[in-house]
Amino acid sequence: MIGRGFLMGGADIIPGVSGGTVALILGIYERLVTAISHFDTTLVSQVRHGRWRDAAAHVDLRFLVSLGLGIGLGIGGLATLMNYLLEHQLQPTLAVFFGLILASSFLVARQIERWSPGNIFTAIGGAAFAFWLVAQPFMGGYEGYPYLFLCGMVAICAMILPGISGAFILLILGRYAYVTGVVRGLVHGEVTTEHLLVFLVFGSGCAVGLLGFSKILRWLLAHFHATTMSVLCGFMIGSLRRIWPFKATPAEGAIDLKHAQLENVWPDPTSGGFWLAVGLAIGSIIFVVLLHAIAGHQTIGQVTVKKKETALPAEEEAE
């Protein structure tokens, strides 16, 4: 599970790629949403009465700790490498992720039991929304802690939605550089009252958004599983616009994809990097298919069991 978290953490570094996408690919998405949503009154009651083992089981603590450790290792261990690749090897790097997400979106689509006209419509709607969202201009942002709290709520919700990057949402809201600057400062020992307040306010927004939105997602997966999965599949397809490998880039100098809005262009088959990008994308697609062939049956089984477990008994819902 630490390895899966490591992959999620590495994906979160890529603008336009969500850790939720990787969780969905790896077959742990519904388990993750369910575990987060269990931070509720039942947990509070178990902790208050000293039922620590029941509380740990209720939130699937071993799973969350292992996954969280892996995410932290992925972000810390791959940040430098991924920043270098995004700045100096942008096209090949995006080509790999483009192929991964494209293949994964179709594998997710295959897990939907019945593609009714309604599910097709919601998938198209999800794709259209993500396609529009990833092209939005970056805002200058607003000052003040209430806006920062709101940014935390929105960004964390996006982070657990496949296809929508929480980091990219922060870019649109104009608070990405500010928040990451504060985090870097704290990591390097620059502890000030403002830094601590920003961390507390933004973290509180993330906590509120994550706990509230995970309960909504859990309810949707329990009662409208096929429809919800079709929307998530659409999000993945629509987000491909952001990681289209062929972009109009500066002739010289490093590329800062995290802050620049580069225009997508049609590829030139005669260019030197075209066939490399195509080959990497195809290789990524083959990798996902092989991975699914090796572990696909186990993954689908886990998702099916989790879907059944997601529906709570009436008495637990009442709590």
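Reader: Which element gives the most to the nonpolar patch?

Author: Happy to start there: helix α1 does, with three residues. Helices here are DSSP runs of H or I with at least four residues, numbered from the N terminus. Please keep in mind that this is a predicted model, where local features need pLDDT of at least 70, side-chain atom pairs count only at pLDDT 80 or more, and totals for chains, interfaces and linings use all residues. Residues are numbered from 1 along each chain as its sequence is written, and side-chain values use heavy atoms, with hydrogens and water left out.

Reader: What makes the nonpolar surface patch?

Author: Ile2, Phe6, Leu7, Leu69 and Leu73 make it, covering about 420 Å². Two or more residues come from each of α1 (2-12) and α6 (61-88).

Reader: Why is Leu73 called partly exposed?

Author: Leu73, placed in helix α6, has a relative accessible area of 45%. Buried means under 20%, exposed over 50%, and partly exposed in between (1.4 Å probe, protein chains only), so Leu73 counts as partly exposed.

Reader: How do you know that helix α3 is largely enclosed by the rest of the structure?

Author: Eight of the nine residues of α3 (residues 29-37) are buried, so the helix is largely enclosed. Among them are Tyr29, Glu30, Leu32 and Val33.

Reader: Why are α9 and α12 called oblique to each other?

Author: The axes of α9 (residues 145-159) and α12 (residues 193-223) cross at roughly 45° and come within 7 Å. Angles under 35 degrees count as roughly parallel, over 145 as roughly antiparallel, 65 to 115 as roughly perpendicular and the rest as oblique; α9 and α12 are therefore oblique.

How values were computed
Patches are made of residues with over 30% relative accessible area and no salt bridge: like charges are joined within 9 Å, nonpolar side chains (Val, Leu, Ile, Met, Phe, Trp, Tyr) within 5 Å. Accessible areas come from the Shrake-Rupley method with a 1.4 Å probe; for residues, only the protein chains shown count as cover. A salt bridge is a side-chain nitrogen of Lys or Arg within 4 Å of a carboxyl oxygen of Asp or Glu. Axes are lines fitted to C-alpha atoms, for helices over the stretch in contact, and angles run from 0 to 180 degrees between N-to-C directions.
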